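Could you put the model up on the screen, please?

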Amino acid sequence: MNQLSDVEVAINAAEAGAAVVRRMYGAAMARYDKSPTDFATEADLEAERAILEVIRAARPDDAVIGEEYGATGQAARTWLVDPLCGTLNFAAETPLFSVNVALPGVDVAAVAQPLTGEVFWTDGTTAQVRRNGTDSPAQPSATSQLVDVDIDAPPGADFLGAQFLTDEKFRAAFAGRVSSTTLTLAWVAIGRRAGYITDGTLLNSVHFTAGTTLCQSAGCIVTDFRGRPLHTGPGLVAAANPATHQQLIDLIAPHVS
């Protein structure tokens with residue numbers, strides 16, 4: 001039997017998690033509070049268990065860091081798993097959420113959109129969209145002029161997304177959106193968003209790594225708030241093309257200390 005490639009493992013794991021999320025969507029289930037405004041559901045936990053089962057079966061010597069169950073194992077290769085990015089949307093039956101699986105170092109990632117059955121994936125050299133078992137190249141585009149801004153910034157961040165959304169120059173140039181899921185970061189890679197902006201230090205983030213890896217493989221421009229390489233400084237700006245990226249960097253500059 002041929003061994004699965006890393007990207008096949010990522011896709012299979014994301015699809016396994018997505019199947020759980022899809023099955024449980026709209027059902028009553030337990031919630032586990034993380035903060036006054038955040039929680040996990042039984043779908044988060046079950047989806048992560050399904051993802052872990054796939055990874056452990058195919059890569060038993062690898063380590064995994066998951067959003068819900070934390071780190072398991074120690075190895076040079078560590079998978080990053082967010083079993084349900086957009087839990088509050090999911091719980092409110094708002095169909096904007098994703099399942100994220102990434103393997104840093106080899107730049108493999110898969111992002112599944114459970115309710116559409118789509119999987120956005122990269123093997124580190126190409127980015128593809130899988131629909132009904134058929135793959136097609138990811139094609140970034142700024143045509144929509146839609147830019148998603150994450151407003152869930154931690155206290156003390158250099159940049160506040162909510163503040164940026166009210167910037168008149170930003171509003172004149174782009175149509176701002178707040179979707180509260182990194183699904184929309186993956187959408188930059190396939191042309192459904194012109195850009196995505198978020199605060200924070202995102203190195204090895206279970207939430208953002210899959211989406212940023214997809215964007216980079218698709219040829220998007222991905223940097224920190226000052227236009228430097230990602231993780232050099234705070235924040236993330238992902239844009240479909242260089243012109244859109246520079247425009248966003250210029251608009252962000254007055255808001256960054």
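So, K34 is partly exposed, because its relative accessible area is 39%, and the cut-offs here are buried for under 20%, exposed for over 50% and partly exposed in between, with a 1.4 Å probe and protein chains only. Before I go on, this is a predicted model, where local features need pLDDT of at least 70, side-chain atom pairs count only at pLDDT 80 or more, and totals for chains, interfaces and linings use all residues. Residues are numbered from 1 along each chain as its sequence is written, and side-chain values use heavy atoms, with hydrogens and water left out.

Who does K34 pair with? K34 makes a salt bridge to E67, with 2.9 Å between the closest N and O atoms. By salt bridge I mean a side-chain nitrogen of Lys or Arg within 4 Å of a carboxyl oxygen of Asp or Glu. That pair links distant parts of the chain, 33 residues apart: K34 sits in strand β1 (residues 31-35), and E67 in the loop between β3 and β4 (70-72). Helices (H or I, at least four residues) and strands (E, at least two) are DSSP runs, numbered from the N terminus. E67 is partly exposed as well, at 25%.

Next pair: R131 and E118 form a salt bridge, with the closest N and O atoms 2.8 Å apart. R131 is in strand β9 (residues 127-131) and E118 in strand β8 (residues 118-122), so this one ties together parts 13 residues apart in sequence. Is E118 buried or exposed? E118 is buried, with a relative accessible area of 7%, while R131 is partly exposed at 35%.

Now R59 and D6. Their side chains meet in a salt bridge at 3.0 Å, N to O. R59 is in the loop between α2 and β3 (63-66), D6 is in helix α1 (residues 6-24), and the two are 53 residues apart. R59 is buried at 11%, and D6 counts as buried too, at 17%. Salt bridges that share partners also join D6, R59, D62 and R77 into one network. How many salt bridges are there by this rule? The count comes to twelve.

Last bit, helix α2 (residues 42-58). Its 17 residues should span 24 Å at 1.5 Å a residue, and the end C-alpha atoms are 25 Å apart, which agrees; the expected span is 1.5 Å times one less than the number of residues. Buried residues in α2 include L45, I51, L52 and I55.
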